[in-house]
Amino acid sequence: MKLNDLIKKVEKKYPLNLAYDWDNVGLLVGDFDSEVKKILVTLEANEKVIDEAIEKNVDLIVTHHPFIFRKMNKINTKDLKGRLIHKLIKNDISLYSMHTNFDIAFDGLNDYFMEVMGFEDSKILDVTNREILYKIAVYVPETHELQVRKALGESGAGYIGNYSHCTFNSKGIGTFKPEEDANPFIGEIGEIEEVKEVKIETIVPQKILQKTIDNMIKSHPYEEVAYDIYKLENKGEAVGLGRYASLDGNTNLESLCEKIKLKLNMDHIRVVGDLNTKIKKVAVVTGAGSDMVSLAKSKNCDVIITGDVKYHEAQDALDMGMSIVDCGHFDTEDIFKDVMKRFLDTFEDVETVKTEVCLNPFKMI
Ligand SMILES: [Zn+2]
């Protein structure tokens, strides 16, 4: 598969515009026209991971943490990052990073954490954005009105609340003159034609815009389809960082910790709070989420599961009656390689492997 086609598919599901402004996501090293047969997924890329990719004949590395983050003025072999970029290019390996866009997106890292833990019916903890909506207006001859409307509806366009296939249709006269080299469905070369047409208007969320346009054009009889697309001020579904969910009545902080250790395959875990505390509602922020303790409390959560908690943040949480389970940054995010592999395995003609390099910089002794 061409890297460019693969990226289009990935970004349809995990759009780059979901990422925070300070982030650096997308294709960070590589050639859009290169061919991808084998992918290595990893939380991050260091020299060991790049050597592993070379050894395994990988064409693309997909990371969660951005491989290039700080501004670089030079790329040469005297600097560590420069040397690694040089090594990637010399070995024809591209590198793609998906960070906060993947944390925020549906079916991204936070949703996957909830799935691994079996926390159901989760809600968004911190709404950062709402989905961008577009309006499509397409001009169709009356004979093909139903066919095009069906294609729009089946692509998922026209959802308003619990109603699907919503469109507005107005009749009018379309005019055109087929020029030389045209192959008109209706009319003659050089003659101005008038046709009874219908203008079909419908609403489309950004994530399915391209698919909807492709299907609409396929269903339309004209050689050149006339359509308009405009961005709307109306906003769609909410997206954001972190999730929270209600649990059954029998969970306390200690049993929750045991469950997390089991699911994440951890021997030790840091806990803030009384182990007998009843847990009715749980918040999750993968990576570093200790700045969301108050927000989780405001949603009536009894505990937040996250990483990178500092001493004073733990004290503040205790003072406000919140518990924290600190699994560590690494252990809340290393599951990235599992969820990415699951997603990339749905692509045909591409093999995806998970890194075998241990990337946790901390050891428990
Ligand atoms: Zn992280």
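I began with Tyr227, which is partly exposed at a relative accessible area of 31%. For this I took buried as under 20% relative accessible area, exposed as over 50%, and partly exposed as in between, with a 1.4 Å probe and protein chains only. The model is predicted, so local features need pLDDT of at least 70 and side-chain atom pairs count only at pLDDT 80 or more, while totals for chains, interfaces and linings use all residues. Residues are numbered from 1 along each chain as its sequence is written, and side-chain values use heavy atoms, leaving out hydrogens and water.

**Entry: around Tyr227**

I placed Tyr227 in strand S8, residues 227-246. Helices (H or I, at least four residues) and strands (E, at least two) are DSSP runs, numbered from the N terminus. I then looked up the surface there. Tyr227 forms a nonpolar patch with Ile217 and Ile229, and together they have about 220 Å² of accessible area. Patch members have over 30% relative accessible area and no salt bridge; like charges are joined within 9 Å, and nonpolar side chains (Val, Leu, Ile, Met, Phe, Trp, Tyr) within 5 Å. The areas come from the Shrake-Rupley method with a 1.4 Å probe, and for residues only the protein chains shown count as cover.

Next I checked the partners of S8. Strand S5 (residues 123-141) pairs with S8 in the antiparallel sense over twelve bridges. I count two strands as paired if DSSP finds at least two bridges between them. Ile229 in S8 stands opposite Ile136. S5 also pairs with strand S7 (residues 193-205), again antiparallel, over nine bridges. There Tyr139 has Lys199 in S7 as its bridge partner.

**Entry: domains**

I looked up the division of the protein. Domain 1 covers 3-102, domain 2 covers 109-119 + 247-330, and domain 3 covers 129-238. These bounds come from an automatic or database domain assignment. The C-alpha centres of domain 2 and domain 3 are 48 Å apart.

**Entry: the five-stranded sheet**

I traced an open sheet of five strands in the order S1-S4-S3-S2-S13, with mixed pairing. Its edge strands are S1 (26-29) and S13 (351-354), each pairing on one side only. From one strand to the next, the twist averages 30°. For such angles, axes are lines fitted to C-alpha atoms, for helices over the stretch in contact, and the values run from 0 to 180 degrees between N-to-C directions.

Strand S3 (residues 60-63) and strand S4 (residues 94-97) run parallel and share four bridges. Leu95 in S4 is the bridge partner of Ile61. Strands of a sheet pair through backbone hydrogen bonds, either parallel or antiparallel.

**Entry: salt bridges**

How many salt bridges does a search of the whole structure find? I get 18. The criterion is a side-chain nitrogen of Lys or Arg within 4 Å of a carboxyl oxygen of Asp or Glu.

I started with Arg83 and Glu47, whose side chains meet at 2.9 Å, N to O. This pair links distant parts of the chain, 36 residues apart: Arg83 is in helix H3 (residues 80-90) and Glu47 in helix H2 (residues 47-55). Arg83 is partly exposed at 32%. Glu47 is partly exposed too, at 23%. Both belong to a network of salt bridges that also links Asp51 and Lys87.

I then turned to Glu258 and Lys261, with their closest N and O atoms 3.7 Å apart. They are three residues apart in helix H8 (residues 253-264), so about one helical turn separates them. Glu258 is partly exposed at 43%.

My last pair was Lys341 and Asp345, at 3.0 Å between the closest N and O atoms. Lys341 counts as partly exposed at 24%. Asp345 counts as partly exposed at 39%.

**Entry: single residues**

Is Gly287 buried or exposed? I find Gly287 buried, at 1% relative accessibility. Gly287 sits in strand S10 (residues 281-288). Its C-alpha atom is 22 Å from that of Glu254, 33 residues apart along the chain.

Asp308 has a phi of about 60°. Asp308 lies in the loop between strand S11 (303-307) and helix H10 (311-319), and is partly exposed at 40%. Asp349 has a phi near 65°. Asp349 lies in the loop between helix H12 (336-344) and S13, and counts as exposed at 66%.
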